[in-house]
Amino acid sequence: MSLRIVVCVKYVPDATGDRQFTEDLTVNRDDVDGLLSELDEYAVEQALQIADEADDAEITVLTVGPEDAKDALRKALSMGADKAIHVEDDDLHGSDVMATSLVLAKAIEKAGYDLVITGMASTDGTMGVLPAILAERLGVPQVTLLSEVKVEDGVVTGRRDGDSASEQLEASLPALVSVTDQSGEARYPSFKGIMAAKKKPVESWDLEELEIESDEVGLEGSWTAVDSATQRPARTAGTIVKDEGEGGKSLAEFLAGQKFI
Amino acid sequence: MAEVLVYVDHVDGAVRKPTLELLTLARRIGEPVAVALGAGAEATAAVLAEHGAVKVLTADAPEFSDYLVVPKVDALQAAYAAVSPAAVLLPSSAENKEIGARLAVRIGSGIITDATDLEAGDEGPVATQAAFAASFSTKSRVSKGTPVITVKPNSAPVEAAPAAGTVEALAVTFGALATGTKVTSRTPRESTGRPELTEAAIVVSGGRGVNGAENFHIIEALADSLGAAVGASRAAVDAGWYPHSNQVGQTGKSVSPQLYIASGISGAIQHRAGMQTSKTIVAINKDAEAPIFDLVDYGVVGDLFAVVPQLTDEIKARKG
């Protein structure tokens with residue numbers, strides 16, 4: 001029996017670029033290069049490893065985003081995923097996590113799945129709540145924040161390293177898994193993989209295909225509103241001293257002056 | 001006055017500091033009703049009452065520890081139904097964010113995470129958040145449903161505000177999803193005796209410049225002289241010098257202490273994302289051009305192997 005894996009990925013502005021907000025207080029995607037969120041590469045990697053262990057598995061990568069988001073799909077396909085789905089619609093602009101998760105859930109259901117894999121958070125919004133929300137919307141077990149994951153005989157097991165304890169988790173498929181950057185380094189696409197990715201199918205779906213009304217998504221359909229975004233003033237230049245034998249003492253003096261000692 | 005649900009983070013009845021901070025913020029928007037779950041839930045009532053909880057709803061059941069997250073969502077939803085609050089607040093942590101998120105879906109509400117401040121507004125609570133590696137500060141609100149907001153540790157002072165703190169048992173019915181993910185074993189993290197990284201008032205971090213696991217004791221000694229938590233940059237964690245649970249940055253923990261001391265850390269954007277909201281920032285680095293120096297209140301350009309031990313000795317001497 002084939003194992004159907006759907007990996008949700010996000011196309012994010014490069015964190016090393018000068019990220020800004022646009023006038024409507026959404027993320028400015030024009031002035032900074034986008035890329036596949038680094039944390040989602042770990043999700044693709046684990047999907048590939050799980051598929052390798054399975055008799056027969058198919059990996060679909062799914063993204064919701066503007067035209068450029070296809071780049072994120074291409075990267076995942078070049079790593080080894082089998083096919084891709086791109087949900088794109090002008091009405092999606094400005095969707096918050098609740099609206100985006102609605103679209104993802106409908107697309108996952110339409111695609112068909114036994115296992116959904118995501119990264120632990122996006123590197124732009126960094127909320128880290130989408131996996132739990134998706135599990136709730138799909139009505140399947142959440143097996144989240146895993147640093148180790150394995151799928152065998154329709155059961156997913158994994159290790160979740162929390163603040164106070166490390167837990168072993170177990171759930172039956174269908175299930176939703178999210179993985180951390182500790183789950184195993186993501187592979188680099190090979191030249192062969194990059195060439196092969198060009199021929200892999202990328203389907204494009206819009207809201208109508210998913211039977212979602214335009215007022216359920218976008219800025220209007222979001223359940224949160226950003227009222228203002230202010231660039232934080234650059235920190236005023238502090239004191240910088242060169243250590244010439246007394247650097248530790250001068251630092252202690254500073255800390256004492258600030259009442260930390 | 002409107003009631004505000006406050007989810008309680010506690011360990012066997014010992015309430016963690018971020019929950020007490022949250023009660024300070026909760027009082028700005030209403031009367032805090034606390035929800036404490038699991039073993040020791042009732043034991044939390046006294047300290048919650050001292051900090052403003054008018055009521056403490058408690059529940060304990062094996063499901064809370066035997067299964068992941070969802071039983072706690074069921075319980076919080078029961079509390080929500082019993083109280084009809086104006087907002088639901090949780091201290092930000094990986095698990096609490098998941099609990100809040102699932103509750104938000106169920107009650108048809110928006111969610112805001114990692115708020116660093118909270119105030120009452122005309123259209124409900126207004127949350128301040130840091131965005132894009134803390135280079136922006138945003139103000140947001142939930143526009144649909146009952147606001148569910150998670151708040152970062154160190155976002156408000158702990159203030160005493162004695163209230164009734166009446167304890168009431170919360171009746172919880174677990175749904176079909178509650179037993180979906182079984183916790184088959186749990187290994188408690190060994191306590192270092194140091195404060196929890198995300199809660200600590202002072203964090204001392206080491207990076208690539210520490211140059212080996214065997215040298216991290218220098219960072220730990222400085223941390224201990226200040227009663228601080230120890231953090232590490234991704235470079236130090238990826239090299240296997242320090243555990244991932246101590247990683248500060250975009251793919252690790254986000255910290256916002258009163259004082260952050262970075263040693264041998266260059267200050268890549270990914271690291272800055274996790275510490276830039278620290279109140280006072282200090283750095284020690286050999287490289288005068290390191291980007292971390294753009295952030296500091298005080299920086300020492302020098303060899304951490306000379307500067308850090310001297311600083312530690314000086315702190316110990318001053319503390320007597």
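User: Which residues line the second largest cavity?
Analyst: From chain A, the lining takes A:Val140, A:Pro141 and A:Gln142, and from chain B, B:Leu68, B:Val70, B:Arg102, B:Leu177, B:Ala178, B:Gly180 and B:Thr181. A cavity is a set of points on a 1 Å grid over the protein atoms alone where a 1.4 Å probe fits but cannot get out, and lining residues have an atom within 4 Å of a point. This is a predicted model: local features need pLDDT of at least 70, side-chain atom pairs count only at pLDDT 80 or more, and totals for chains, interfaces and linings use all residues. Residues are numbered from 1 along each chain as its sequence is written, chains are lettered from A and ligands numbered from 1 in the order in which they are written, and side-chain values use heavy atoms, with hydrogens and water left out.

User: How much space lies in the second largest cavity?
Analyst: About 40 Å³, where volume is the space filled by probe spheres set on the points, and points are joined across faces, edges and corners.

User: Where does the largest share of the lining of the largest cavity come from?
Analyst: Helix α1 of chain B, residues 17-29, which supplies four residues. Helices (H or I, at least four residues) and strands (E, at least two) are DSSP runs, numbered from the N terminus.

User: Back to B:Arg102. Which residues is B:Arg102 linked with in a network of salt bridges?
Analyst: A:Glu136, B:Asp74 and B:Arg106. A salt bridge puts a side-chain nitrogen of Lys or Arg within 4 Å of a carboxyl oxygen of Asp or Glu.

User: How many salt bridges does the structure hold over all chains?
Analyst: There are 29. One of the cross-chain pairs is A:Arg160 with B:Glu98, whose closest N and O atoms are 3.1 Å apart.

User: Is A:Arg160 buried or exposed?
Analyst: Buried, at 4% relative accessible area, and B:Glu98 is buried as well, at 2%. Buried means under 20% relative accessible area, exposed over 50%, and partly exposed in between (1.4 Å probe, protein chains only).

User: What about B:Arg318 and A:Glu253, what do their side chains form?
Analyst: They meet in a salt bridge too, 2.6 Å from N to O. This pair also crosses between chains, from helix α9 (residues 304-319) of chain B to helix α7 (residues 247-257) of chain A. B:Arg318 is partly exposed at 36%, and A:Glu253 is partly exposed at 47%.

User: Which residue does A:Arg159 meet in a salt bridge?
Analyst: A:Asp161, at 3.0 Å from N to O. A:Arg159 is partly exposed at 23% relative accessibility, as is A:Asp161 at 35%.

User: Switching to backbone. What is the peptide bond from A:Leu173 to A:Pro174, cis or trans?
Analyst: Cis, with omega near -5°. A:Pro174 lies in the loop between β9 (165-172) and β10 (175-179) of chain A.

User: What is phi of A:Leu145?
Analyst: Near 60°, a positive value in a residue other than glycine. A:Leu145 belongs to strand β7 (residues 142-152) of chain A and is buried at 15%. Over in chain B, B:Asp114 has a positive phi near 55°, and B:Asp114 is in strand β7 (residues 111-115) of that chain.

Notes
On a 1 Å grid over the protein atoms alone, a cavity is a set of points where a 1.4 Å probe fits but cannot get out, and a pocket is an open set with protein on both sides within 12 Å along at least five of seven lines; lining residues have an atom within 4 Å of a point.
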